[in-house]
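Please consult the sequence and the structure shown below alongside the text.

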Amino acid sequence: MVLTREALTVRRSNLQDAAQLMELDALIWNEHNAPAPVFWKSKEEYLLASPPGSQFIALKDNKLCGYIGFRPPTSLISNNHVYEIHIAVHPAYQRQGIGKSLMDSMIEHAKREGIRKLRLRVLSSNLAALAFYKQYGFVEEGRLSSEFYIAGTYVDDILMRYML
């Protein structure tokens, strides 16, 4: 599936996207939105964790500006109706509807695949992400209190869900 809106293209990731996705991870994930920065030691390590096709990527004027990754949370057949997701949008492209376009693509794909539930984790200190998820219809279904100690502060790990 390829979705194009006003110079924004959303499509499945491929092998050629790996280097740009690794760069985006290094830029995006920090103490404000993750328990630890994300740096991949090699392309091979990255591809084991995020194989081609396991993400929808957003391109604006042929520049990678965000992605949404998805995978089953476990290998159990009894859990294969759930996708665990994570989303990142380049700071230069935030608040331009890219996150919404990525989430719309994810939901459309999940419905076609028979997925019934999307789940994610977000730090309680990441207020912008919490607002985005709540506005989109995600609800809190669990909280791990003081799960992380980041930059001198204890932070909750919030578990959220979206039922399809």
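A charge is taken to sit over a ring if NZ of Lys or CZ of Arg is within 6 Å of the ring centre and within 35 degrees of the ring normal. In this predicted model, R12 lies over the face of F56, at 5.6 Å from the ring centre.

**Overall fold**
- Four helices and eight strands make up the secondary structure of the protein chain.
- Read from the N terminus, the order of these elements is β-β-α-α-β-β-β-α-β-α-β-β.
- The protein chain is as compact as a globular protein of 164 residues, because its radius of gyration of 15 Å is close to the 15 Å that the globule rule gives for that length.
- Along the principal axes, the C-alpha atoms occupy a box of roughly 40 × 35 × 30 Å.
- Buried residues account for 44% of the 164 in the protein chain.

**Largest pocket**
- By class, the lining residues are 27 nonpolar, 13 polar and seven charged.
- At least two lining residues come from each of α1 (18–28), β4 (63–71), β5 (82–89), α3 (98–112), β6 (117–123) and α4 (127–136).
- The greatest contribution to this lining is that of α4, with seven residues.

**Aromatic contacts**
- Nine aromatic pairs are present in the structure.
- A cluster linked by ring pairs contains F132, Y133, Y136, F138 and Y162.

Conventions: Residues numbered from 1 in each chain as written. Predicted model: local features only at pLDDT ≥ 70, side-chain atom pairs only at ≥ 80, totals over all residues. Heavy atoms only, no water. Nonpolar A, V, L, I, M, F, W, Y, C, P; charged D, E, K, R; others polar. Phe/Tyr/Trp six-rings, centres within 6.5 Å; stacked < 30°, edge-to-face > 60°. Rg over C-alpha atoms; globule rule 2.2 N^0.38 Å. Buried < 20%, exposed > 50% of the residue type's maximum accessible area, 1.4 Å probe, protein only.
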